[in-house]
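Here is a friendly walk through one protein model. Have a look at the picture first, then read on.

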Amino acid sequence: MKNGKKPTRRQQAAITEANLNPDNWLVFKVEPAAMHIVHRTTGKTRIIKS
């Protein structure tokens with residue numbers, strides 16, 4: 001599993017817009033065009049484009 005950090009308030013809003021629960025996701029990489037997140041329990045990763 002990637003080491004993720006708790007999302008900020010702005011990142012939580014972006015995760016919510018992607019129809020995901022921000023309480024279940026951690027941010028492990030932030031790029032200008034995308035945010036990489038990992039699920040807290042399963043370790044599944046996703047990329048949210050901005």
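Where does D23 lie? You'll find D23 in the loop between helix 1 and strand 1; helices (H or I, at least four residues) and strands (E, at least two) are DSSP runs, numbered from the N terminus.

## Before we go on

This is a predicted model, where local features need pLDDT of at least 70 and side-chain atom pairs count only at pLDDT 80 or more, while totals for chains, interfaces and linings use all residues. Residues are numbered from 1 along each chain as its sequence is written, and side-chain values use heavy atoms, with hydrogens and water left out.

D23 counts as exposed, at 54% relative accessibility (buried means under 20% relative accessible area, exposed over 50%, partly exposed in between, with a 1.4 Å probe and protein chains only). In sequence D23 and R40 are 17 residues apart, yet their C-alpha atoms sit 8.5 Å apart in space.

N19 lies in that loop between helix 1 and strand 1 too, and counts as exposed with 71% relative accessibility. Its phi is near 60°, a positive value in a residue other than glycine.

## The nonpolar core

Seven residues make up the largest nonpolar core: I15, L20, W25, V27, M35, I37 and I48. Such a core is a set of buried Ala, Val, Leu, Ile, Met, Phe, Trp, Tyr and Cys residues joined through side-chain atoms within 4.5 Å. Strand 1 (25-30) and strand 2 each supply at least two residues of this core.

Take I15: leaving aside neighbours within four places in sequence, its contacts (heavy atoms within 4.5 Å) include P7, N21, W25 and I48.

## The largest pocket

About 150 Å³ of space lies in the largest pocket. A pocket here is an open set of points on a 1 Å grid over the protein atoms alone, where a 1.4 Å probe fits, with protein on both sides within 12 Å along at least five of seven lines; lining residues have an atom within 4 Å of a point. The volume is the space filled by probe spheres set on the points.

Helix 1 (9-17), strand 2 (34-39) and strand 3 (45-49) each supply at least two lining residues, and helix 1 gives the most, with three. Among the lining residues are R10, A14, E31 and K49.

## One salt bridge

The whole structure has one salt bridge, meaning a side-chain nitrogen of Lys or Arg within 4 Å of a carboxyl oxygen of Asp or Glu. E31 pairs with K29 in a salt bridge, with the closest N and O atoms 3.4 Å apart. E31 is partly exposed at 34% relative accessible area, and K29 is partly exposed at 41%.
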